Structures are given as structure tokens and as C-alpha cells.
Amino acid sequence: FKFFLISFLAKIKKIFHYGFFKKNVSITAFVFQKTGDWLKIPHLKLPKCKIYFEPTVQENNNIIIGIGGSGSNKKWSIKNYITLIGELSKKIPNKSFIIAGGNKERLDAEQILQRFKNVKSICDLNISETLNYLSKSKFYIGNDTGFMHLASSLGVLSFGIFGDTPTDYSSYNQLIVPIMPPNYNEVKQNDGAMSKISVKHVLKELEKKKKK
């Protein structure tokens, strides 16, 4: 609404906007359909999202653990991540774990680093510096956050833990596999259901994809 209002006050003659009330629509499909209409391109197809990046390292033994998030409502608990890393270390030996987050997650990352020797944090790095670690990883598992979108766009299979944001936000990329609370067909904004997703459930979903 604020962008529409600013444009109106700036006396911009032609304003294209998505509308203010959207229910039960696929956000991704809706945006592309509207954009196609504005540009007069019929049947605009959803593109395949890809970041072209040449890594400078060859190491490909990492599992990315995405602990970041734009709000606490989107974050799985650090206690769960500690348990998850412990279980994954047993199931997939000889793997290293990369903790992906921002400055706000430094203390959370430190809790994990104190528990494991095969863990490294990239919370102090900028976005471009993290690409080497993301692009050569086995897979991503973590919150619905920017690192999930970056990893999947670099060609990395990414498991997103969704308990408070619609999984439709990830539908543009087939490499993103949403993990929702048990018995949920969809997650809505502000569902507050991150606590309903157990480590056991996440491991089960990972194993399910592995068998396919």
C-alpha cells in the first residue's frame, strides 16, 4: 500500500500494482501473470532461477544449516539444530556443517560451535563471501531465509523449515523442498507453528526425499 501511495503522491500517471487483497492465490504464479499482462506478454512462463557462480574452492563435503531469519517467528530453535546436527553426524559421517546466518545469529552460532568440532560459522561473512560455501554443499537444511533462496539458486537441494510463512514463497524453485508441521497441507502467515516441527519429523522428511 505504501508504494502505491508514494507513487500516487508523486503524481506518477501510470501505476501498476498487484492489488491489496489477495487470498487463496499462488503468489509466484500471480506475480508472473500480472507482469505478463503489464508487459503484454501472453502466457509468460515461470523462469528457472539460477545464479551463475564459479566457486574458488573444490570442497563439496558441507551441509548448510540455515539458522537465520527475518524474525524470531520464522526461526526453528537452536536446541533443535544442535540435536539435528548430532543426528546427521551419526547418519552421514565425515561431513562438515556450515552455520549460515547474519550478525544477529552470531551468539546462536557460537552455541553450536561449542558443541561440535566439524562445524564452521559464516555469520561474519558478507553475501558474496558465502557463495563459495553454499555452492559446493551437499544440501541446505534450515529456516525459510535468504540463504535457502541463495543455495537453491546455486543448484543446491534445499530443505526449508516452514512454520510461519506460506510455502508458496518457495514455489518458484523446484530445488526447494518445504518441510511443514505434521498434518499441515499448507502454512499461513503468522501460523506460529515452528515449535510444532520436531527434529524427528525433519529427519523423516529428509529420509523421504533421499529414497526418491
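**Setting up.** I'm working from a predicted model.

**Cysteines.** I went looking for disulfides and got a count of zero. The cut-off I applied asks for two cysteine sulfur atoms within 2.5 Å. C123 is buried, as its relative accessible area comes to 2%. C49 sits at 35%, so I put it down as partly exposed.

**Strand β4.** Next I picked β4, which covers residues 139-143. Is β4 enclosed or open? Five of its five residues are buried, so I noted the strand as largely enclosed by the rest of the structure.

Then I checked what β4 pairs with. Strand β1 (residues 62-66) runs parallel to β4, and I get four bridges for that pairing. One of the contacts there joins G66 to its bridge partner G142 in β4. Strand β5, residues 158-161, also pairs with β4 in the parallel sense, again over four bridges. For I141 I found F159 in β5 as the bridge partner.

I also followed the chain from β4 to β5. Helix α6 (residues 146-153) belongs to this stretch, and β4, α6 and β5 together make a β-α-β unit, which I logged as right-handed.

**Surface patch.** Last, I turned to nonpolar side chains on the outside. F1, L5, F8 and L9 make up a nonpolar surface patch, and their accessible area together is about 480 Å². I took a further look at F8, which lies in helix α1 (residues 2-9). F8 has a relative accessible area of 54%, so I wrote it down as exposed.

Key: Residues are numbered from 1 along each chain as its sequence is written. This is a predicted model: local features need pLDDT of at least 70, side-chain atom pairs count only at pLDDT 80 or more; totals for chains, interfaces and linings use all residues. Side-chain values use heavy atoms; hydrogens and water are left out. Buried means under 20% relative accessible area, exposed over 50%, partly exposed in between (1.4 Å probe, protein chains only). Helices (H or I, at least four residues) and strands (E, at least two) are DSSP runs, numbered from the N terminus. Two strands pair if DSSP finds at least two bridges between them. A crossover is right-handed if, with the strands pointing away from the viewer, the path from the first strand over the helix to the second runs clockwise. Patches are made of residues with over 30% relative accessible area and no salt bridge: like charges are joined within 9 Å, nonpolar side chains (Val, Leu, Ile, Met, Phe, Trp, Tyr) within 5 Å. Accessible areas come from the Shrake-Rupley method with a 1.4 Å probe; for residues, only the protein chains shown count as cover. A salt bridge is a side-chain nitrogen of Lys or Arg within 4 Å of a carboxyl oxygen of Asp or Glu.
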